[in-house]
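Me: I have a model open here and would like to talk through its architecture. Could you take me through it piece by piece?

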Amino acid sequence: MNIRFYNSMTRAKEVFKPLSGKRVGMYTCGPTVYNFAHIGNFRAYVFEDLLRRTLEFFGYQVTQVMNLTDVDDKTIRGAKNAGIPLDEYTEPYKNAFFSDMAALRVERAEVYPAATDHIPEMIELIQTLLGKGVAYKSPDGSIYFSIDKFPDYGKLSKVDLDSQRAGERVKLDEYAKDSVADFALWKAWDEDDGDVFWESPWGKGRPGWHIECSAMSMKYLGETFDIHTGGIDNMFPHHEDEIAQSEAATGKTFVNYWLHCGYLVVNGEKMSKSLGNFFTLRDLRENGWRDREIRAALLSGHYRKMLDFSERLLEQTRSVLKSLDGLFDRLSRRVSSSSFDTPEGSLGDAVEGAGKVFAESIADDLNVAGAWAAVHALAKQANKALDSNEVSARDAELALDTFRKFDRILAVLDVPSGDGGANGVPGEVASLVERRSAARKAKDFASADAIRDELLALGWTVKDTPDGAVVTPTATSPPGK
RNA sequence: GGCGUGGUGGCCGAGAGGUUAGGCACUGGUCUGCAAAACCACGUACACCGGUUCGAAUCCGGUCCACGCCUCCA
């Protein structure tokens with residue numbers, strides 16, 4: 001099956017063709033580790049995970065590189081304010097980033113290069129650019145890229161620099177740069193940098209932000225690679241500058257497919273640290289939301305669209321997952337309790353149909369809504385078949401396997417493995433359930449209801465099914481909701 | 001000012017000239033001692049005004065509104 005992606009460079013959906021067979025090289029802009037990442041940041045990482053999992057689903061072997069920006073204005077300022085060395089300052093944020101990513105079930109990239117470990121590569125790239133005459137040294141010892149020497153500048157973001165309004169900031173740098181849009185490849189050391197600097201052929205200093213992505217992506221993926229992603233706010237100037245540096249240095253196309261995800265917004269406004277309208281994974285957990293609910297909420301809409309992240313969205317997501325959990329539970333019980341003698345094939349068509357819709361949707365520029373529709377279509381058919389007792393153990397296992405397959409991409413369904421049944425129910429709970437069943441049999445409904453309340457207090461919900469009582473852990477609700 | 005994105009039923013959210021997207025919630029029903037779950041039923045929705053067309057949420061022109069980038073930002 002052809003996979004199609006919307007390529008920001010051409011502004012059109014294109015059939016994806018990797019450079020070499022089934023191998024895909026992919027670079028994803030990572031975090032600047034000066035603080036905890038917020039949920040808006042994670043929207044991008046979850047989108048990239050969706051992309052990666054989709055490629056793997058279709059048999060591609062992905063080499064993903066995600067950088068860690070551990071030297072820039074913010075990290076330097078943070079370390080200085082804290083009175084500790086730069087690496088000591090960034091370390092906890094790196095760790096928090098990885099633990100949050102794992103919680104959101106983001107598959108690990110193959111390489112996580114840190115900027116501070118790749119200064120020599122950056123210096124080398126800058127020297128190449130100086131040698132080609134597309135970069136120049138300013139009086140203060142900084143090195144700038146000259147966008148006038150790169151005619152293609154603006155081809156990704158389609159900006160026309162001549163029509164850009166010069167910002168306030170420009171005044172500060174005017175004396176040092178030939179042109180306002182020129183950007184720093186190397187920043188000469190100044191007092192504010194403290195002891196953060198590296199030696200270079202142009203004196204001590206530190207790299208500019210954009211150069212790290214060019215140097216590290218090309219080091220690990222080659223001068224031309226398949227996919228580069230990031231949030232749409234990185235398109236200009238960051239990705240534009242990466243293209244300029246890389247292509248000016250190599251003379252080759254830097255990246256074949258550019259994919260950008262839309263913003264995560266709160267009440268219609270972009271979530272950002274400067275606006276103060278952000279929350280972290282920790283904040284959401286404190287409000288009672290589970291990691292998988294958060295991931296599912298992030299996967300509720302198309303990656304290129306704005307996503308309005310709200311309590312209501314999380315509530316809706318919780319409802320969806322809860323009802324699917326119920327189905328998986330029913331199917332698991334059927335696998336373990338039923339024999340293979342019920343009529344077969346009642347779910348075969350539904351499985352096939354859902355699988356087709358799922359694959360076609362996700363292959364079409366990661367249309368996750370279509371994929372969800374496939375999940376729901378199969379869920380409805382399975383529930384119906386279970387209601388009319390037409391599901392054999394084999395059918396149930398087939399359905400569960402299909403959901404597991406879908407979950408290789410979604411990673412939120414949590415389809416139980418193995419033979420399900422009553423495992424994980426504490427003895428105390430099990431005996432209460434038994435006593436309640438006995439009471440019901442004796443038509444002693446007052447006792448039965450009392451025991452049900454008792455179980456609820458212990459965190460277990462009872463459902464009476466034709467096959468007997470079933471207990472499941474009660475879903476917790478966020479406080480005050 | 002330049003460039004860009006978007007406005008779909010109470011809410012979320014696909015679609016992109018003709019065929020029910022899907023989900024959440026609500027309401028009614030089936031089932032049930034009750035409850036829960038599940039299933040069934042129920043919404044002619046596409047910002048506004050023109051135009052093209054046999055036919056437009058989808059194409060064209062205009063208008064309004066919202067958001068974003070142009071400064072670090074996923």
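Reply: Let us begin with one pair of strands: strand S11 (residues 264-266) and S13 pair in the parallel sense over 2 bridges, where two strands pair if DSSP finds at least two bridges between them. Within that pair, Leu264 stands opposite Leu307 in S13. Helices (H or I, at least four residues) and strands (E, at least two) are DSSP runs, numbered from the N terminus.

Me: Before we go on, what kind of model is this, and how are residues numbered?

Reply: This is a predicted model, in which local features need pLDDT of at least 70 and side-chain atom pairs count only at pLDDT 80 or more, whereas totals for chains, interfaces and linings use all residues. Residues are numbered from 1 along each chain as its sequence is written, chains are lettered from A and ligands numbered from 1 in the order in which they are written, and side-chain values use heavy atoms, with hydrogens and water left out.

Me: Back to the strands, what's the order in the open sheet?

Reply: The open sheet has 3 strands in the order S12-S11-S13, and the pairing is mixed. Strand S12 (269-270) and strand S13 (307-308) are the edge strands, each pairing on one side only.

Me: And which strands make a hairpin?

Reply: S14 and S15 form a hairpin, with 2 residues between them. Strand S14 (residues 460-465) and strand S15 (residues 468-473) pair in the antiparallel sense over 6 bridges, and Thr465 stands opposite Gly468 in S15.

Me: Zooming out, how many helices and strands does chain A have?

Reply: Chain A has 15 helices and 15 strands, and its C-alpha atoms fill a box of roughly 95 × 50 × 35 Å, taken along the principal axes. Of the 481 residues of chain A, 50% count as buried, buried being under 20% relative accessible area, exposed over 50% and partly exposed in between (1.4 Å probe, protein chains only).

Me: Which domains are assigned?

Reply: The assignment for chain A gives domain 1 (4-295), domain 2 (336-410) and domain 3 (427-473), with bounds that come from an automatic or database domain assignment. The C-alpha centres of domain 2 and domain 3 lie 31 Å apart.

Me: How do H1 and H13 cross?

Reply: The axes of helix H1 (residues 39-57) and H13 come within 7 Å and cross at roughly 135°; axes are lines fitted to C-alpha atoms, for helices over the stretch in contact, and angles run from 0 to 180 degrees between N-to-C directions. That makes H1 oblique to H13, since angles under 35 degrees count as roughly parallel, over 145 as roughly antiparallel, 65 to 115 as roughly perpendicular and the rest as oblique.

Me: Which residues make that contact?

Reply: Leu50, Arg53, Thr54 and Phe57 of H1 meet Lys405, Asp407, Arg408 and Ile409 of H13, contact meaning heavy atoms within 4.5 Å.

Me: Last one, which peptide bond is cis?

Reply: The bond from Phe236 to Pro237 is cis, with omega near 0°, and Pro237 lies in helix H7 (residues 235-250).
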